[in-house]
Amino acid sequence: MGSDPKVRAGAVDVVRHWQDLGYLIIYVTGRPDMQKQRVVAWLAQHNFPHGIVSFCDGLVHDPLRHKANFLKSLITDLHMRIHAAYGSTKDISVYSSISLPPTHIYIVGRPTKKLQSQCQFITEGYAAHLAQLEYNHRARPAKNTTRMALRKGSFGLPSQAEFLRKRNHLLRTISSQPSASGAGHRPERTQSQSDSDKDRDRE
């Protein structure tokens, strides 16, 4: 809406904590996909860890239902298990609808007696929450997670390994280009192709 929302202190560190444990980060928003560029740019500007970002298809009347349906599809179609979910009080119904227990729902906002039994309120800020997470987890990695092909690092700042891989790919591309392209010339594959695929292509 033309504004630049402030990041709550410690929020990025909490997301990075889950990423470091091996969990896939998923950002779910009720915003329309026309705002994708602006939202991802905001995540990059504030160094949020990489993850999947889900938007609504255009303007929808019930963004909370869209969020719930998206998460349900991850669970039923991709057999994912949601381990922890964050949001505001309006998101409690979304996370409850996917049978996430209250101990795994973390909410920023003023606690109310009515909602107290449905979630864990983050009342003392993300830094205190992170300290509690680190104490509870003791650097325990995620179990039974399928590693997704998402690079480590932040939206805006690629990790050093990512930089080196891009540089090496560029050098390989330059050194392998023929001096003149013939009829049988095949375009260079993208960097996401694995070495085993390249070996198979050569054979």
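Predicted model: local features only at pLDDT ≥ 70, side-chain atom pairs only at ≥ 80, totals over all residues.

Colleague: Which residue forms a salt bridge with Asp 62, and how far apart are the closest N and O atoms?

Modeller: The general idea is to look for a side-chain nitrogen of Lys or Arg within 4 Å of a carboxyl oxygen of Asp or Glu. Here the partner of Asp 62 is Arg 65, with the closest N and O atoms 3.6 Å apart. Asp 62 is partly exposed, at a relative accessible area of 32%, and Arg 65 is exposed, at 55%.

Colleague: Which side chain meets Lys 67 in a salt bridge?

Modeller: That of Asp 91, at 2.9 Å from N to O. This pair links distant parts of the chain, 24 residues apart: Lys 67 belongs to helix α3, whereas Asp 91 lies in the loop between β3 (85-87) and α4.

Colleague: Is Lys 67 buried or exposed? And what of Asp 91?

Modeller: The cut-off for a buried residue is a relative accessible area under 20%. Lys 67 has 11% and therefore counts as buried; Asp 91, with 5%, is buried as well.

Colleague: How should I read helix α3 itself, and what span does it reach?

Modeller: One compares the span with the value expected at 1.5 Å a residue. Helix α3 covers residues 63-77, 15 residues in total, and reaches 21 Å from its first C-alpha to its last, close to the expected 21 Å. Its buried residues are His 66, Lys 67, Ala 68, Phe 70, Leu 71 and Leu 74. These pack against β1 (26-32), β2 (52-56) and α4 (92-97). Just after α3, His 79 takes a positive phi of about 55°.

Colleague: Which residues of α5 are buried?

Modeller: Helix α5, residues 125-137, has 13 residues and an end-to-end C-alpha span of 18 Å, close to the 18 Å expected. Its buried residues are Tyr 126, His 129, Leu 130, Leu 133 and His 137. Because they cover an arc of only 100° around the axis, they lie on the same side of α5. Ala 127 and Tyr 135, on the other side, are exposed.

Colleague: Against which elements do the buried residues of α5 pack?

Modeller: They pack against the helix α1 (11-20) and the strands β3, β4 (105-108) and β5 (120-122).

Key
Residues numbered from 1 in each chain as written. Heavy atoms only, no water. Helix = DSSP H or I, 4+ residues; strand = E, 2+ residues; numbered from the N terminus. Expected span 1.5 Å × (residues − 1). Buried < 20%, exposed > 50% of the residue type's maximum accessible area, 1.4 Å probe, protein only. Contact = heavy atoms within 4.5 Å. Arc of directions from axis to C-beta.
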